[in-house]
Amino acid sequence: IMFLIDTYLDKSKIHGVGVFSKENVKKGDKIKEVRPEFEIEFDVKNLPKMPLSLAKFIDTHSYERCLGSKTYVLGIDNEKYINHSDNPSVDDDGIALKNIKIGDEITIDYRDFDVNVETWLT
């Protein structure tokens, strides 16, 4: 998954670092899409063989290609820093759910693609 708009990273009021828009976006615009040629895949079995810091980064900044596949996907742009929100600005299909102004944090509802989210949201 990659952004189709220009973004930047900054301190988030939600959690740590977040993704912020450098462009004004209208509700309904497509701002991200799946582009496998700009992703790196990792077999979850290989994480224990990696330096711990790299394995932790992949574990926290990637998503599982398909539930149960044990293939983690890491994007090469800022998309991996999108924070969760119960009132997100973009859906899992990459469509803006509201107008996004320059400087707004871009958020997504993790529950749309990760069944484990409920365990750490509570």
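How does the radius of gyration of the chain, with 122 residues, stand against that of a compact globule? A compact globule with 122 residues would have a radius of gyration near 14 Å, and the chain has 15 Å, which agrees. The radius is taken over C-alpha atoms, and the globule rule is 2.2 Å times the number of residues to the power 0.38.

## Basis of the description

The model is predicted: local features need pLDDT of at least 70, side-chain atom pairs count only at pLDDT 80 or more, and totals for chains, interfaces and linings use all residues. Residues are numbered from 1 along each chain as its sequence is written, and side-chain values use heavy atoms, with hydrogens and water left out.

## Overall dimensions and composition

Taken along the principal axes, the C-alpha atoms of the chain fill a box of roughly 45 × 35 × 25 Å. The chain exposes about 7,500 Å², of which carbon and sulfur atoms supply 53%; accessible areas come from the Shrake-Rupley method with a 1.4 Å probe, and for residues only the protein chains shown count as cover. Of the 122 residues, 38% are buried (under 20% relative accessible area; exposed means over 50%, and partly exposed in between, with a 1.4 Å probe and protein chains only). Among contacts with a separation of 6 or more, 62% come from residues 24 or more positions apart, where contact means heavy atoms within 4.5 Å.

Two helices and nine strands make up the secondary structure. Helices (H or I, at least four residues) and strands (E, at least two) are DSSP runs, numbered from the N terminus. In order from the N terminus, the elements are β-β-β-β-β-α-β-β-β-β-α.

## The four-stranded sheet

Four strands form an open sheet with mixed pairing, in the order E2-E3-E9-E8; two strands pair if DSSP finds at least two bridges between them. E2 and strand E8 (83–84) stand at the edges with a single partner strand each, so one side of each is left without a neighbour in the sheet.

E2 and E3 run antiparallel and are joined by five bridges. They form a hairpin with five residues between them, and Gly16 in its turn has a positive phi of about 50°. Within this pairing, Thr7 has Ser21 of E3 as its bridge partner, and Tyr8 stands opposite Phe20. E3 is mostly covered, with four of its five residues buried. E3 also runs antiparallel to strand E9 (residues 105–108), to which two bridges join it; there, Glu105 is the bridge partner of Phe20.

## The aromatic pair

One aromatic pair is found in a search of the whole structure. Tyr8 and Phe20 form this pair, which is stacked, with 5.7 Å centre to centre and 25° between the planes. Rings of Phe, Tyr and Trp (its six-membered ring) pair if their centres lie within 6.5 Å; planes under 30 degrees apart count as stacked, over 60 as edge-to-face and the rest as tilted.

The pair links distant parts of the chain, twelve residues apart: Tyr8 lies in strand E2 (residues 7–11) and Phe20 in strand E3 (residues 17–21). Tyr8 counts as partly exposed because its relative accessibility is 26%, whereas Phe20, at 9%, counts as buried.

## The three-stranded sheet

A further open sheet has three strands in the order E5-E7-E6, with antiparallel pairing. Its edges are strand E5 (39–43) and strand E6 (63–64), each with a single partner strand, so one side of each is left without a neighbour in the sheet. Five bridges pair E5 with strand E7 (residues 71–75) in the antiparallel sense, and Glu39 stands opposite Gly75 in E7.

## Nonpolar cores

The largest nonpolar core has twelve residues, including Phe3, Ile5, Val19, Val90 and Tyr110. Such a core is a set of buried Ala, Val, Leu, Ile, Met, Phe, Trp, Tyr and Cys residues joined through side-chain atoms within 4.5 Å. A second, separate core of seven residues includes Phe42, Met50, Ala55 and Ile58.

Leaving aside neighbours within four places in sequence, Phe3 is in contact with Val19, Ile31, Lys32, Asp77, Asn78, Glu79, Ile82 and Ile106.

## The loop around Asp29

Asp29 lies in the loop between E3 and strand E4 (32–33) and, at 34% relative accessibility, counts as partly exposed. With neighbours within four places in sequence left aside, Asp29 is in contact with Gly94, Ile95 and Ala96. The C-alpha atoms of Asp29 and Val90 are separated by 9.4 Å, although the two residues are 61 residues apart along the chain.
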